[in-house]
Amino acid sequence: MNAEWWSWVLTSVGIMGLYLMTKKNPAGFVVGLGAQLMWIMYALSTEQYGFVVSAIAYGFVNVLGFYRWTAPVPESKDKTIER
């Protein structure tokens, strides 16, 4: 398989993760993180090391988003929920 084909597949997986997030499905973060791991493998196999840095950054955002979505919301005195 050529590198261009893989970049399209990996982009599609990342978009699917974003789509799931718009549906308020926390699995979107997991799909997004999986896509970043696949981008790292792609980057290393094609010697395009700049993708490693971006995949780590996007992966961090996916982990942070998943944590914030699944963390318990603290009780507030005025019953207003802020995230």
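Modeller: Happy to! One term before we start: two residues are in contact when they have heavy atoms within 4.5 Å. This is a predicted model, in which local features need pLDDT of at least 70 and side-chain atom pairs count only at pLDDT 80 or more, while totals for chains, interfaces and linings use all residues. Residues are numbered from 1 along each chain as its sequence is written, and side-chain values use heavy atoms, with hydrogens and water left out.

The protein has three helices and zero strands, and from the N terminus on its elements run α-α-α. Helices (H or I, at least four residues) and strands (E, at least two) are DSSP runs, numbered from the N terminus. Of the 83 residues, 22% are buried; that word means under 20% relative accessible area, whereas exposed means over 50% and partly exposed is in between (1.4 Å probe, protein chains only).

Now to the part you asked about. On a 1 Å grid over the protein atoms alone, a pocket is an open set of points where a 1.4 Å probe fits, with protein on both sides within 12 Å along at least five of seven lines, and its lining residues have an atom within 4 Å of a point. The largest pocket has a volume of about 330 Å³, a volume being the space filled by probe spheres set on the points, which are joined across faces, edges and corners. Its lining counts 16 residues, and Gly 14, Leu 18, Gln 36, Tyr 58 and Asn 62 lie nearest the centre. The elements giving two or more residues to this lining are α1 (3-22), α2 and α3 (50-70). By type, the lining holds ten nonpolar residues, six polar and no charged. Here Ala, Val, Leu, Ile, Met, Phe, Trp, Tyr, Cys and Pro count as nonpolar, Asp, Glu, Lys and Arg as charged, and the others, Gly among them, as polar.

Let's stop at Gln 36, one of the residues nearest the pocket centre. Gln 36 sits in helix α2, which covers residues 27-46. With a relative accessible area of 11%, Gln 36 counts as buried. Leaving aside neighbours within four places in sequence, Gln 36 is in contact with Ser 54, Ala 55, Tyr 58, Gly 59 and Asn 62. Two names in that list, Tyr 58 and Asn 62, also belong to the group nearest the pocket centre.
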